[in-house]
Amino acid sequence: MSMPPRSRTGSGPLLAGLIIVMVAAVAVIVLAAAGATPQSVWDSFFPVQGVTPATDRSHSTKSLYDIVFYIAVAVFFLVEGLIVFSVFRYRRKPGDDELPPQIHGNNVVEVIWTVIPTAIVAFLFLLSWQTLNTVDAKVPTDVHVRAVAQRFQWSFQYLDGPSSDANVLFTQVIPVGNDGGMFIPVGKPVQVDLLAKDVIHAFYVPKFLFKRDAVPGKLNTFDFTVDEAGTYRGQCAELCGPGHGAMVFDVHAVDQATFDTWFKAQVAQAAATPTPAASGAAQGPVVDLAAQNISYSTKALQAPADTPFTIDFKNDDTGVPHNVAIKDASGNEVFKGDIITGPAEKSYDVPALKPGTYTFVCSVHPTMTGTITVQ
Amino acid sequence: MTADATALTTHGPALETHGSGGMGNPVLGMLLFITSEVMFFAGLFAAYFSIRAGYTEVINSVSTHVWPPTQFQHLLNPFTLTTESGALNLILPATLILLSSSVTCQLGLMAIRRNDRRGFVRAFAVTLVLGVSFLLLQAFDYSVLMHEGLTMGATTFGTTYFTLTGFHGAHVFGGALMLSVVVYRGMAGQFSAKHHDMVEAVSWYWHFVDVVWLLLFSILYLL
Amino acid sequence: MATTTLNPAAPAYRSALYEWLTTTDHKKIGIMYLINSIIFFLAGGILALIVRLQLVIPKDATTIGGLVSPEFYNQAFTMHASFMLFLFIIPILAGFGNYAVPLQIGAPDMAFPRINALSFWLLPLGGALMASGFLATGGAAASGWTEYPPLSGAKFNGPGTDLWIMGLTLIGTSSILGAINFLVTIFKMRAPGMTLFRMPIMVWTILVTSVLVLMATPVLTSALIMLFIDRNYGGHFFDPANGGNAILYQNVFWFYSHPAVYIMILPAMGIVSEVLPVFSRKPLFGYKAFVFATVAIGALGFSVWAHHMFTTGAVFLPFFSLMTFLIAVPTGVKMFNWIATLWRGKLTFSTPLVFATGFLTMFLIGGLNGAFSAAVPVDFAIHDTYWVVAHLHYVLFGGSVFGVFAGIYYWFPKMTGRMLNETLGKLQFLIMFIGFNMTFFPMHQLGLAGMPRRIADYSASAGWTDLNIVATIGGFTIAASILPFLWNVLVSLRSGRIAGDDPWEGNTLEWATSSPPPPYNFDHLPEIRSERPVFDARHGQAAAH
């Protein structure tokens, strides 16, 4: 029995066009509803264009990426072009039952297309090996930080010696924000050690084009120098549980003077004796709030306006630091409670607030939020 | 132009073919199965060696590489008949028993190849008895070790020891089941010099189990 | 060419259901593999839609949560991958092997038919065990399909993980038994005249795949058992506090799981290598080179496992980088061989060729974006980001799944005696192709922009929202494409055009018998003088060599 008759392809391209248009229309509608602009969509498609990576060694990584990219694009156009060409050029004409030349192979051609790809990958390998030596190089460093990864927050310990608890000068408990995160001096080499307390995590800063796993029982360490002052967002990049997506942190690269001032203040604060907790009757009405599994027990609180009140805060997350901070509608912080590590309780004395809607948030876990209606 | 249907070389409902390679399908199948089991043990051995290479104890405040852990070293000398606390240490006799069972197995195989059905059944029965004895001695050994504090959770040494020897024991048990079937079918007269594929296959398996034990014994006790 | 005069639909004296439940016929078993696999494909697809709905927009800038809880989300992507890899892709390719290999080598069945049946039935059983995790306390396995300890340990995850381990052990056993069956069948039961180098490429790919299954899957079993012992019997294999090593699991796991990806692609390449010559009316270009390339990929596949672990700080990086780059060479050779098969051919774009072409164009992209990960410093940037999600889906979906659909449209007539509808088939391809690229191409950008994998939510200020919207719409487009496919199958089973023995003018022996074939496969076999015995019989020796 012979081949089935060729189906009518006349309507094929039209149908393809229709489907593409339909799907594109849905996409445009949903994007618009979500607040996307043509500019934001366009920018999304070129995430590395015009973005300079932030550390000295990341430039080597970017160069390597660019070379691989151009070779990949060239190969893509060549091979894809051959496929598309063949698909159009060698269609069987209707009614043509004659066999084409039955070619089984061609040794010359086969050797060529084995040797050339081998040469290309050998080149890429050597290039990437060389780049690796740059990226992984160990240098003398001025600042030594231990990034501690734990479900589900990062903290940063500044060391004055090899990585051990005895050498910790102070701990930066809050991982994000202007008064949290890892402060380092811009333009100076920094050594980061990774300590994982429970499961495997990974330290990843996209703008550094770099990540390294934090493995329990293993000390991973790496050096880098940030080129340009700024704040760089980082995130855990190894699945560590339900809170994996919430484990964000900031790296603040500041000038040497700012860093020194900050550093000295932190050392002093850590060495100072903690002020005794204010005791006495709770002031004003009491609001209850608890924290467990990296979320608050309620997302909606009520509080009276124009009078101080107390938040009885219970941290039920064993081993995890939490607090309650309150921000007004413009994002200014109007209250920040002490951070306590669970299981623990603390009463926060919140000053009087004007009527309005405020956000309460955990300084350590910015994904833990809720709303306080003050009236 | 079309080939004759009788050129298809099949005979018998079991689709047993003896191709030009000579080896029967069940034997080839068993060798391939043994290959997969070798890879299974390879994974366990790789874990053992990796853990062993990295195992350290703090001795005099210094982290030192040591293996086995100091508290268990006295349990791993196969050449003493009793442990320090007076319990019987039968691992060496057990090993010798398993080794002899391979010899009897091979003797049985050679017997059926020359159509000596009685000799074959006897030899395989003896093999089975020796195999079961090995299992009993191993079980006894386990109880001694656990009494002395070596358990699955007692450091990674305990974990790897019991996992490796335990899975070996499970394979011996499976082999014993196969040997029983061979002995039963042998007694029912189902094997002959011409048709004894299963006997060949099971013999291969039994030797494999023995070789794994030799490796285990050397690695756990001697090295 | 040979046709059979027997009516394959012999009157049954037992019910059809009983016959299917107790069959040891490789053709029926192969079809059951296909059906079971497609069921898990649909289940895995629904889980993927849940993932895409969760990620379409950030719930709000600062709150995790939304469609499903983060706990359930982790189960969703874990089981999505587990279903797709272990219960869809690997078994469906084994199912094609089961159906096609005995026919293509001129054998009446597989070497061990009863073990063949056991291999199949272990699959729904293992799959049910794995899936039952959703009903367990704490839900299904939720540490990614890779299940790295310590996260997958008893301290952080409940019995769903144990059910996953047990189910996977059964599935692995099914694979290994199948591999033994294939190897004995291929080595011992070829028809006279069919030397190894006259076997169809499909049979070669199943051969090499079976070697990989035989050697690699038991290593996975050992990793699973060690994890099970750590979880349930106080073991310390992966517990650094007691002499164990968390990275050890990754090494043992990936020693299997890298060859596993070749298990997932080689038979699909085999299918493409069957379809291209038939629909170009030319032989496969460079048959021998193709065989050597397949063997090379299989062998090299065992030497690259640690490229999944470049960021652990525990790997000898240059070696694994080199081997990973090298494996691109035999893969490239195959690509060029396929294009050369099309070159100067006379192409008929029936649905099998349409999907095979889709395979070529999409697998190319998957291979190219993989090269970035082989360059270690670049991997430091893109590992565990959506770039990898893009890569794996371009090779597994753009590659294997398109290959699978090519096989379905190619062999459905042989299996059922009826043709699938061409228009619906091409419609499926069109919608699927558009949806697939829309879903996964933007993930390259998302990875470069820094979006990590396996996160249940993200910040609105990250700039990832737009592409996630596009990807979600793409995902639902893929789902839409399944509808014409299912409709096609159901309608064609009842009223598709009668296929006859050889509707495609095929090359290989399965087209020398009826559709569907009789239980013992062949009445007569044509003479076997090349890898295209049916082509030779049709065109006589003059047109062939």
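In chain A, Asp288(A) has Asp312(A) as its bridge partner, and Asp312(A) lies in strand β14(A). Strand β11, residues 286-292 of chain A, and strand β14, residues 309-315 of chain A, pair in the parallel sense over 6 bridges, where strands are DSSP runs of E of at least two residues, numbered from the N terminus, and two strands pair if DSSP finds at least two bridges between them. Strands of a sheet pair through backbone hydrogen bonds, either parallel or antiparallel.

These two strands belong to an open sheet of 4 strands in chain A, in the order β12-β11-β14-β19, with mixed pairing. At its edges stand β12 (295-296) and β19 (344-350) of chain A, each with a single partner strand, so one side of each is left without a neighbour in the sheet.

Please keep in mind that this is a predicted model, in which local features need pLDDT of at least 70 and side-chain atom pairs count only at pLDDT 80 or more, while totals for chains, interfaces and linings use all residues. Residues are numbered from 1 along each chain as its sequence is written, chains are lettered from A and ligands numbered from 1 in the order in which they are written, and side-chain values use heavy atoms, leaving out hydrogens and water.

Turning to chain C, 72% of its 545 residues count as buried, meaning under 20% relative accessible area with a 1.4 Å probe, protein chains only. The C-alpha trace of chain C spans about 70 × 50 × 45 Å along its principal axes. Among contacts in chain C (heavy atoms within 4.5 Å) between residues at least 6 apart in sequence, 81% join residues at least 24 apart.

Definitions and conventions
Buried < 20%, exposed > 50% of the residue type's maximum accessible area, 1.4 Å probe, protein only.
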